Amino acid sequence: MTEKIFIFDTTLRDGEQSPGASMNLQEKFRLAQQLVKLKVDVIEAGFPVASVGDFECVKNIADNVRGVQVAGLARCSQKDIDTAWEALKGAESPRIHTFLATSDIHLQHKLRMSREQMLERATAMVKHAAGYTSNVEFSAEDASRSDLDFVCLVFEAVIAAGATVLNFPDTTGYALPDEFGEKIRYLIERVPNIHKAVLSVHCHNDLGLAVANSLAAVNNGARQVECTLNGLGERAGNTALEELVMAVRTRGDRIACHTEVATEHIHASSRLVSTITGMPVQPNKAIVGANAFAHESGIHQDGVLKERTTYEIMNPADIGLTTGNLVLGKHSGRHALKSRIQTMGYTLTDEEIDRVFVRFKELADLKKEMFDEDLEAIVMDEVLRIPETYELVSLGVMSGSRTLPTAAVSLNIRGERAEGAALGVGPIDACFRTIANLTGTASKLLYFGVSSISGGTDAQGEVMVRIEEDGKVVVGQGADPDIITAAAKAYLNSLNRLVYLRKEAVTRG
Ligand code: KIV
Ligand code: ZN
C-alpha cells in the first residue's frame, strides 16, 4: 500500500478570500457536507476571529458536521486562538491552525518583529493552542521566501511546543517546482523532530504552478496538501483539489502516494462551488471545465470512438461526469428522479426532492429531451434557494429589430402583488429596470453571464449575475428555457440574497 496524502480543503477559508466569492452560513454548511462526501481529511471552515459571521459559520460546521477534521484559522495571538477554540470545540476532531510569517520581508515590513521575537511568539502561541487540543497546525507564512535555516529552527521549536502539522506555504506563488521540492527535502533532512509531525504544503497559483509545486512537495516527502475546489483562493487562487487528486490517481507510476478522496463526487462538488460563489469555471479548466472531456477534432472523435484511451487519460465517470446522458422523461416517477440525483452525486432532503420533482415535470412538458445537465440546473436552483422576498409571478417582453424593447413584470413582494413596465436598450435591460423599480434596489450589476445547458435550441439557458449594494457583493442564478426569464430569476435571486444577508447580519447583532 502506498502512503496517504492528507487532503486539507480550504475552499471555505482561502477560497472565500477570492474577490466576490463570499458564502452565507447555509451555503457554507451545504458545501461542508459535500466535502465530507468527497472524503477530504480536513475542512478549514473559516477564520473565527475575523467576524461574527465567520465565527458562526465555523461553529455551525464544527457542531454539526461529522466524519472529518474541522480546522479554524488563527493568527499567533491569544485572542485569535481562544476565539478559534470557542468556535471549534464542538467538532468531532477539531484542529487549531495558527500562523505567523517567517520571511524577512514580512517580519520587517508587516510585523515589525525580529526573528527572535517571531520564534518566541510562535512557540508560545503553539503551546497555548496545544493546551486546548493535540491537533495543532502551524503555518510559516511566506515560508518559500524565508531563510530556510530559520524555518528549520522555527519548525523544530513549534514541534517541541506541541504542533502536530507543519505547513510550508508558498504564500505568494513564487516558487518553482524543482526548487520547492528541494526545500521540502531539506526540511525533512534538517529538522531533527520532523518525524513527530505531518509536513504540509499550501501553494498559491500566481505563476500557474500551485499544483506542480504541491506534487513536487509530495514527491519529496510532504504528506498533507492544502487545496481548494476549482482552485479558488486569494489572488490567482490555490492548488486545485481536483487537479492534484486526479494527477495523483492518474500518475501512480510517478507518485507513490494515494489520497482517499471519492473522486466520483468531484464534478458535483465543483458545480456546487461555482454556483454558490457565482464564479464560473473556465471551459478549458483541467478536470472540471466544460471542455475537459470534449473532443472537437474529427480525428480525436474517431480515435475515442474506437478506443477511449487514445485521447483520454482519465475516465470522465471517475470524476462523476455524466454529461449528455438522456435522463428520465415526463412519465418518470419521484423515486427514479431521486435515484438519478443521488447517482449524480447530490444529497437532497425529501422536501428538496419534492420541489425538484415539480420543476422537473414542468420542464419535461416543455422539452422533448431532458439531460443530466437540465436536472443539475434545477437541483442547483432548488438546493441554493433562500427565502424569497421577491418572487416572479409573470414576465412579458416585447423586443425585435424594429421594436422598442419593453418588459412588463409582475412580482409577489412579501405577499403583495407589484406590477410595472419599463423600456430598455434591450429586453434584459428593460426587464432589469422594471425589477429595479419594483424592488427599489440601488444595486449595481457587476457581472452577467448566460450559458446554454445541454445542446439544441430548446436547451435551458442558465444565467449568473453578480451585484453590489452598500459594499455587499452577492451572486444570483436562474435557469429557464426562456433566457429572459432565466435572467429575471437570476436577478431576483441575487436581490433575495441581499435581503437574506442583511437579515443574517441583524440577527447576529
Ligand atoms: O497563503 C498563506 O500563507 C495562507 C496561510 C494562512 C496558510 O493562507
Ligand atoms: Zn493562502
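**Reading the terms in a predicted model**

User: Which residues is Gln34 in contact with, leaving aside its neighbours within four places in sequence?

Analyst: Gln34 is in contact with His265, Ala268, Ser269, Leu272 and Gly345, once neighbours within four places in sequence are set aside. The model is a predicted one. Contact here requires heavy atoms within 4.5 Å. Gln34 itself is found in helix H1.

User: Why is Gln34 called buried?

Analyst: The relative accessible area of Gln34 is 6%. Buried means under 20%, so Gln34, at 6%, is classed as buried.

User: How is the protein divided into domains?

Analyst: Domain 1 covers 3-277, domain 2 covers 322-383 and domain 3 covers 390-508. The centres of domain 1 and domain 2, taken over C-alpha atoms, are separated by 36 Å.

User: How do you know that domain 1 and domain 2 are in contact?

Analyst: Nine residues of domain 1 are in contact with nine residues of domain 2. Between them the two domains bury about 810 Å², with 44% of that area on carbon and sulfur atoms. Arg30, Lys37 and Arg271 supply 54% of the area that domain 1 buries against domain 2, more than any other three residues.

User: What makes the pair Arg30 and Glu352 a salt bridge?

Analyst: The side chains of Arg30 and Glu352 meet with N and O 2.4 Å apart. The rule asks for a side-chain nitrogen of Lys or Arg within 4 Å of a carboxyl oxygen of Asp or Glu, so the Arg30 and Glu352 pair, at 2.4 Å, counts as a salt bridge. Two salt bridges are counted between domain 1 and domain 2. Six residue pairs are in polar contact across that interface, with both residues at pLDDT 80 or more.

User: Which elements give two or more residues to the side of domain 1 that touches domain 2?

Analyst: They are helix H1 (25-37) and helix H10 (266-277). H10 gives the largest share, five residues. By type, the residues of this side divide into two nonpolar, four polar and three charged.

User: Why does Glu137 count as buried?

Analyst: Glu137 has 0% relative accessibility. The limit for buried is under 20%, so Glu137 falls on the buried side of it. Glu137 is found in strand E6 (residues 136-141).

User: With which side chains does the side chain of Glu137 make a polar contact?

Analyst: One partner is the side chain of His97, at 3.5 Å. Another is the side chain of Gln224, at 3.4 Å.

User: Why is Arg235 called partly exposed, whereas Asn230 is called buried?

Analyst: Arg235 has a relative accessible area of 44%, and Asn230 has one of 13%. Buried is under 20% and exposed is over 50%, with partly exposed in between. Therefore Arg235 is partly exposed, and Asn230 is buried. Asn230 lies in the loop between strand E9 (224-227) and helix H9 (241-250), and Arg235 is found in the loop between E9 and H9. Asn230 has a positive phi of about 60° although it is not a glycine. For Arg235, also a residue other than glycine, phi is near 50°.

User: What makes Lys59 and Asp63 separated by about one helical turn?

Analyst: Lys59 and Asp63 are four residues apart in helix H2 (residues 52-64), so about one helical turn separates them. They form a salt bridge with the closest N and O atoms 2.9 Å apart. Lys59 is partly exposed at 32%, and Asp63 is partly exposed at 29%.

User: How do you know that Asp142 is buried and Arg145 partly exposed?

Analyst: Asp142 has a relative accessible area of 0%, so it is buried. Arg145 has 30%, so it is partly exposed. The two residues form a salt bridge, with the closest N and O atoms 2.9 Å apart.

User: What makes Asp350 and Lys338 a salt bridge?

Analyst: Their closest N and O atoms are 3.5 Å apart. The cut-off is 4 Å, so the Asp350 and Lys338 pair qualifies. The pair links distant parts of the chain, twelve residues apart, with Asp350 in helix H13 (residues 350-366) and Lys338 in helix H12 (residues 334-343). Asp350 is partly exposed at 47%, as is Lys338 at 25%. A network of salt bridges links Arg334, Lys338, Asp350 and Asp354.

User: How many salt bridges does the rule count?

Analyst: The count comes to 35 salt bridges.

Technical notes:
Residues are numbered from 1 along each chain as its sequence is written. Chains are lettered from A and ligands numbered from 1 in the order in which they are written. This is a predicted model: local features need pLDDT of at least 70, side-chain atom pairs count only at pLDDT 80 or more; totals for chains, interfaces and linings use all residues. Side-chain values use heavy atoms; hydrogens and water are left out. Domain bounds come from an automatic or database domain assignment. Buried area is the accessible area (1.4 Å probe) that two parts lose on being put together, summed over both. A polar contact is a pair of N or O atoms within 3.5 Å; within protein, one must be able to donate a hydrogen and the other to accept it, and residues adjacent in sequence count only if both atoms are side-chain atoms. Ala, Val, Leu, Ile, Met, Phe, Trp, Tyr, Cys and Pro count as nonpolar, Asp, Glu, Lys and Arg as charged, and the others, Gly among them, as polar. Buried means under 20% relative accessible area, exposed over 50%, partly exposed in between (1.4 Å probe, protein chains only).
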